[in-house]
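Q: I have a new model open and would like to learn how to read its features one at a time. Could you walk me through it?

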2 protein chains.
Amino acid sequence: MDEFALIRRFFTDELDERVELGIGDDAALLRWPPGARVVITTDTLLAGRHFPEDTPAFSIGWKSLAVSLSDLAAMGAMPQAYVLALTLPAVNAAWLDDFARGLQAVAAVSGGIARVGGDTCAGPLAITITALGSLAADASAMRRDGARPGDAIAVTGSLGDAALALARLQAGLSCPQALRERLDQPVPRIAAGQALRVHAHAAIDVSDGLAGDLMHILEASGVGADIDVERLPASEMFTRLAPASERLRLQVSGGDDYELCVCLPAEALPGDAAGTPLQVIGTISGEPGLRWRDGQGRLLSESLHGFRHF
Amino acid sequence: MDEFALIRRFFTDELDERVELGIGDDAALLRWPPGARVVITTDTLLAGRHFPEDTPAFSIGWKSLAVSLSDLAAMGAMPQAYVLALTLPAVNAAWLDDFARGLQAVAAVSGGIARVGGDTCAGPLAITITALGSLAADASAMRRDGARPGDAIAVTGSLGDAALALARLQAGLSCPQALRERLDQPVPRIAAGQALRVHAHAAIDVSDGLAGDLMHILEASGVGADIDVERLPASEMFTRLAPASERLRLQVSGGDDYELCVCLPAEALPGDAAGTPLQVIGTISGEPGLRWRDGQGRLLSESLHGFRHF
């Protein structure tokens with residue numbers, strides 16, 4: 001099957017009023033909300049590196065788009081459209097069908113985003129998605145550089161599930177389906193991002209692990225932070241399955257959570273983020289550095305400080 | 001060198017008033033011309049497939065962005081910003097420096113486009129660029145589906161140089177630098193596209209060869225075409241170096257020209273396209289099919305008809 005037939009078969013346009021001209025021309029043409037700014041993000045996912053080699057095609061499609069949607073969520077943007085650059089070892093109709101359904105499914109749980117173009121090549125499996133979101137002219141974006149001393153640090157959902165799933169898979173242990181889905185099919189926090197944007201001084205999505213991602217905020221904002229590790233939110237599955245000795249490592253350096261980490265004035269703290277649980281885990285400080293503390297405020301051992309370097 | 005250091009070193013932002021927030025956050029944030037539509041295109045280039053393995057890094061950078069700029073040109077859009085997803089076998093500072101200079105150089109000859117973000121991975125060399133252009137709310141885009149019987153068919157510049165360069169390289173023949181640059185460093189027809197947009201009914205950029213690309217217009221528009229092969233524009237280099245028996249094949253099916261092919265009313269035909277030569281090569285017809293004719297209007301042999309199937 002040639003490239004054009006492939007594109008027509010699996011990646012035809014869905015009807016979307018935002019799209020004036022979609023797949024099949026030199027470029028796509030989008031109507032844009034008047035006055036709105038453009039938020040843009042691009043991510044490449046490679047088999048074996050960003051997802052296990054045996055990941056089902058549906059989950060690969062889901063996750064490929066989810067990571068970009070998560071970046072839009074972390075800016076408080078409204079998803080509008082995406083393009084897909086797909087390098088495939090071979091044209092496998094069943095695989096492509098599942099992959100396309102995965103893209104469609106994560107788009108649906110994210111309030112919709114229009115697929116408007118793409119490119120296909122032959123080669124080792126690689127997926128690059130570039131997603132566009134909009135942000136009203138007068139809306140504040142949740143950047144990384146706005147955190148201020150005294151801000152509460154809060155995270156959506158729970159941390160550690162994806163890292164636990166990956167650790168169990170790599171150790172050859174059973175992995176409950178619900179846990180595996182936290183690794184393979186993260187839910188982008190689109191509505192949460194838009195709700196938090198109104199109050200937040202800074203935000204990031206937790207993709208590389210809380211320690212490393214929070215450090216990006218601290219460095220960009222020129223501040224420090226104190227985190228109470230006993231307040232890190234964990235799912236019921238995580239609490240049940242994670243070995244006690246591994247919990248902290250999985251929660252702060254595991255990655256792939258795709259939760260939002262936001263810094264906002266303590267007095268503006270909402271009870272939740274558009275229905276998603278929101279847990280305060282610490283405080284922004286004027287003193288540089290990232291300090292992990294127990295529930296009594298005691299600094300954790302030097303070995304734990306290492307987590308800041310991820 | 002880790003990913004963050006790599007990005008900081010080679011892909012820092014250039015100052016650009018269009019960019020509110022560039023590289024280094026979850027996503028970039030662009031100011032957008034009020035009321036303008038968004039034109040978006042994405043392309044992946046792989047070593048050995050889209051450029052010879054021994055292509056210098058400067059040329060790889062140039063060509064990677066040029067193919068996307070050429071798509072924007074074919075829509076008559078104004079380049080605004082791009083993101084770069086780069087998969088690299090290793091971090092080679094000299095290579096990256098040359099590659100970044102190539103990107104910068106083609107951006108400069110195209111009136112400027114802001115680099116606003118990217119992603120880097122380890123793996124076989126692959127470059128995916130997604131470029132955004134703007135098009136005023138009331139501007140007509142040059143789509144593929146607007147060609148009408150009686151329209152003149154015209155192409156910018158000349159055809160066949162890039163294919164000739166590739167053929168000579170593959171045959172182990174010498175390739176003059178100027179010819180090699182037509183393969184490695186195509187000049188996107190940005191100004192020409194904007195000038196032609198006012199009159200054109202349809203357009204495409206010639207990336208896969210005139211025969212195949214013109215067929216996309218004919219199919220999308222539901223029309224046919226008669227082409228006078230003696231009017232296909234050729235450079236002085238091409239005329240001198242291309243073997244007579246190969247000329248037509250190189251000009252109509254060689255690819256990599258990145259010229260614009262436009263269909264426009266004969267009475268609106270400009271003398272050139274913003275300074276770039278514009279050559280009429282044929283006429284759109286109500287009769288389906290793509291017919292190649294000699295200067296006397298005689299249909300060329302059946303074997304030549306085969307070109308339409310690329």
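A: Gladly, and let us begin with a salt bridge: D226(B) pairs with R291(B), their closest N and O atoms lying 2.8 Å apart. D226(B) sits in strand 9 (residues 224–228) of chain B and R291(B) in strand 13 (residues 289–293) of chain B, so this pair ties together parts that are 65 residues apart in sequence. Helices (H or I, at least four residues) and strands (E, at least two) are DSSP runs, numbered from the N terminus.

Q: What should I keep in mind about the model and its numbering?

A: The model is predicted, so local features need pLDDT of at least 70 and side-chain atom pairs count only at pLDDT 80 or more, while totals for chains, interfaces and linings use all residues. Residues are numbered from 1 along each chain as its sequence is written, chains are lettered from A and ligands numbered from 1 in the order in which they are written, and side-chain values use heavy atoms, leaving out hydrogens and water.

Q: What counts as a salt bridge, and how many are there over all chains?

A: Side chains of opposite charge can pair when their charged atoms come close. The criterion is a side-chain nitrogen of Lys or Arg within 4 Å of a carboxyl oxygen of Asp or Glu. A search of the whole structure finds 36 of them over all chains. In chain A, D161(A), R182(A), R189(A) and E259(A) are linked in a network.

Q: Are D226(B) and R291(B) buried or exposed?

A: Buried means under 20% relative accessible area, exposed over 50%, and partly exposed in between (1.4 Å probe, protein chains only). D226(B) has 18% relative accessibility and counts as buried, and R291(B), at 8%, is buried too. For another case, look at R101(B), which bridges to D98(B) with 2.9 Å between the closest N and O atoms. R101(B) is partly exposed at 41%, and D98(B) is partly exposed at 29%. These two residues are 3 apart in helix 3 (residues 93–109) of chain B, which means that about one helical turn separates them.

Q: Which residues of helix 3 of chain A are buried?

A: They are L96(A), F99(A), A100(A), G102(A), L103(A), V106(A) and A107(A). Just after helix 3 of chain A, G111(A) takes a positive phi of about 85°.

Q: How do I read the interface between chain A and chain B?

A: Start with contact, meaning heavy atoms within 4.5 Å: 50 residues of chain A are in contact with 50 residues of chain B. Next comes buried area, the accessible area (1.4 Å probe) that two parts lose on being put together, summed over both. Here this is about 4100 Å², of which carbon and sulfur atoms give 60%. D26(A), V38(A) and I40(A) supply 17% of the area that chain A buries against chain B, more than any other three residues.

Q: How many salt bridges are there between chain A and chain B?

A: The count is 6. A salt bridge also joins the side chains of R144(B) and D25(A), at 3.6 Å from N to O.
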